[in-house]
Every structure is written in C-alpha cells, then in structure tokens.
Amino acid sequence: MSIRVEGLGKRFGDFVALADVNLSAKSGSLTALLGPSGSGKTTLLRCIAGLEAPDVGRVHYAEAEVTHVAAKSRNVGFVFQHYALFRHMTIFENVAFALRVRRRPEKVIRDRVRELLHLVRLEGLEGRRPDQLSGGQRQRIALARALAAEPAVLLLDEPFGALDAKVRQELRQWLRRLHEEVTVTTLLVTHDQEEAFEVADHVVVMNRGRVEQAGSPEDVFDHPATPFVMDFLGNVNVFHARVENGHAYVGRLPLASLHQHGAGDGPVTVYVRPHELDVSHSPEDGGSLAATVQHVHPAGAVRRVHLRALDGGLTLHVELTPERQAELGLKAGDVVFVVPRRVRVFAQDYVI
C-alpha cells in the first residue's frame, strides 16, 4: 500500500502546522519523517492516519483518496511514544484487542497473538500485565498490537522517545529486522537523525511545516539541499566566507573553487562536517588555517578535538580516528593547521 500526499496544508489558529506538503512513500517502504519539535511531522502523520483533517490537499492510499475517510475505516496501525497499552489487560488481551473488536473467531485470535508474540520475541509473557514489563518490552507489545489486524499502513510517532539510549539503539535494530519480515508500508516520526538513518529506506526532512528535502539517507546526508538540512544533520563547522574571482575565502584561506558554478563575488556560508577537516603540525602549500588546540576528548569511536582559529577566533570542531590522533599526539595548547577536505557552499542563488 503506497502513500501519496499532495499539497497538504493545516493551520491551528494563526499557527501554520503544514504548508503545501507533498510526500510519497512506496509500498512496503519505511519512511522517516525527520525534523525538530514544531516542524509539522506529527501533524502530517495524524493527517495521514485520519486523526486530523487537513485544511487543503489530498491523501491517497495507493490509488484511493482517503482525505475525508474516517480513521477507523483506513486500516491503519498506530504506535505512540507512550505505549498506550491497557493496564488492566494481560499482554495477550492487549495484542488481541483489535481482533476482538473485529469479532474474529477465538482460534484465529489465539493463533495470531502467538504468531505476533513470536515475531516480537516475547513468547511466554502473554499472561503478564504491562506494568510487569520493561519499557522496551512494552513498546514491542504496542507494535504487536498495531500489527494484529494486518494494517495496510503502520504509523509510528516517536515510538522510542521515552526509552533510554541503549534500549533505543536495540529497538532500532529490532524494528529494521521486523520491517524486513513484515514489509508493511511504515512511516516513522522522529527527531533523532541516527534513528532515521539507521532504520529508514527514505528520509523526509521537515522544518516549519514544509519539506526541506526528501531522499535516501545517503543522499540527504551527503548532498543536503539547504542550510537547514546541513545544520540539522549532525554537527557542522560554519564559515562566513567571501567569494572573490570564483574562490571562497575565509581570511586568506581558499576553501572552494566556484568557477564552474558561475558564482558572483559576495558573501557565502560554508559548511564543513567535523570529520571532513584534517589537522597537521605544519601548514600546507595550498593554504591552511592556523589554530590552537583547546581540548581533546580521548574516549569514544572518534577523537573529538576543539580548536580556536588564530585568525578571527573561530571555534572549530574536528573528529579524528584514534589512529590519526595517536599519530598527531594532540594536546591542549598545541598550534596546528587545519585544512577542509570537503566543503558545501550555500548562497542565495546556488548550492554547492
């Protein structure tokens, strides 16, 4: 069941929650709606579910328009951040609830519940109540309950937001495996870019009620379409540069050649991710930025180095492999030279 949204708009009083939103999700795909709080992603999800009525625009499931179809008639599974399990019911009855509402035969209910408890790896817990389970187990039960009636579409609204970091990571991996087994068309709302990139086939980045960019996780991360996307997806170093004769400069350091893009002289903003900066103890012939090491974080999969440029006092964040840090032996007070290996330049009329 594919999903298509066309020109969706929604206001709450003077607040514009959605503005001309267009979105497509292929049948069987897992699409992440990614953005900060207030970006409109939950409102969009609720309009797709039928829990909110858009002011303008259309929602399609496959070829059928469902814009004004009631939520109960859309065959949608919905999972919220805070589980929403029935506390007075056993795990078995929580999962069976949607089937009992639909008056399925008892044998069909038993078989389906057992199948789902096996699928979410919680066999043997059917007699417990929600307060006897961990947060991660409760969220898996909530997913099982949403899948019980074999929905055409599964909608997840920050499903792991209330859990601690380690459990969230485990559940992300589990959700990806579960989706490969079930392959129901799924939309996941999240503000966590790592979560979106780890589980989704397709990422839609939202900001202020609009879609900033949509594409594969690789495309969105490696080729950000706007400064917002670049800045939102991880830490970045921001250089306020100038263009002179087709080159972007910070001070006397040339950061990028823009001749092939026809860029005119004037101010631009240059973004460089921390792992795209290289550090050495000596300047490079092509130009480098002198800086003082402020602090080195010694733990983790990468070594995070904070620097302050000698020219202008700009603060820089660099990520090095442990091997590269061991080779350089950086410590606070060292004077080093920084060279960007990849930059992205944004100006009013072009993006590079």
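By class, the residues that line the largest cavity of this predicted model comprise six nonpolar, three polar and no charged residues, where Ala, Val, Leu, Ile, Met, Phe, Trp, Tyr, Cys and Pro are counted as nonpolar, Asp, Glu, Lys and Arg as charged, and the others, Gly among them, as polar. The lining is made up of Leu147, Leu154, Leu175, Leu178, His179, Val182, Thr183, Val184 and Thr186, and helix 5 (residues 165-182) gives the most to it, with four residues. The volume of this cavity is about 50 Å³, and a search of the whole structure finds one cavity of 30 Å³ or more. On a 1 Å grid over the protein atoms alone, a cavity is a set of points where a 1.4 Å probe fits but cannot get out, whereas a pocket is an open set with protein on both sides within 12 Å along at least five of seven lines, and lining residues have an atom within 4 Å of a point. Points are joined across faces, edges and corners, and a volume is the space filled by probe spheres set on them. Residues are numbered from 1 along each chain as its sequence is written, and side-chain values use heavy atoms, with hydrogens and water left out. Local features need pLDDT of at least 70 and side-chain atom pairs count only at pLDDT 80 or more, while totals for chains, interfaces and linings use all residues.

The largest pocket holds about 590 Å³ of space. Of the 22 residues that line this pocket, Val76, Gly77, Phe78, Ala98 and Arg102 are the closest to its centre. Strand 6 (76-79), helix 2 (91-101) and helix 4 (135-147) each supply at least two residues of the lining, and strand 6 gives the most, with four; helices (H or I, at least four residues) and strands (E, at least two) are DSSP runs numbered from the N terminus. The pocket lining has 17 nonpolar, two polar and three charged residues.

Helix 2 and helix 4 also pack against each other, with axes that come within 7 Å and cross at roughly 30 degrees, the axes being lines fitted to C-alpha atoms, for helices over the stretch in contact, and the angles running from 0 to 180 degrees between N-to-C directions. Helix 2 is therefore roughly parallel to helix 4, a term for angles under 35 degrees. In this contact (heavy atoms within 4.5 Å), Ile91, Asn94 and Val95 of helix 2 meet Ile141, Ala144 and Arg145 of helix 4, a set that divides into four nonpolar, one polar and one charged residue.

Five strands form an open antiparallel sheet in the order 15-19-16-17-18, two strands being paired if DSSP finds at least two bridges between them. Strand 15 (277-280) and strand 18 (315-320) are the edge strands, each pairing on one side only. Within this sheet, strand 16 (residues 289-297) and strand 17 (residues 303-309) pair over six bridges, and alanine 291 has alanine 309 in strand 17 as its bridge partner.

A further open sheet, also antiparallel, contains four strands in the order 2-1-4-5. Strand 2 (15-25) and strand 5 (64-65) each have a single partner strand, so one side of each is left without a neighbour in the sheet. Strand 1 (residues 3-12) pairs with strand 4 (residues 56-61) over five bridges, and helix 1 (residues 41-49) lies across strand 1, strand 2 and strand 4, running at about 120 degrees to strand 1.

Methods. Angles under 35 degrees count as roughly parallel, over 145 as roughly antiparallel, 65 to 115 as roughly perpendicular and the rest as oblique.
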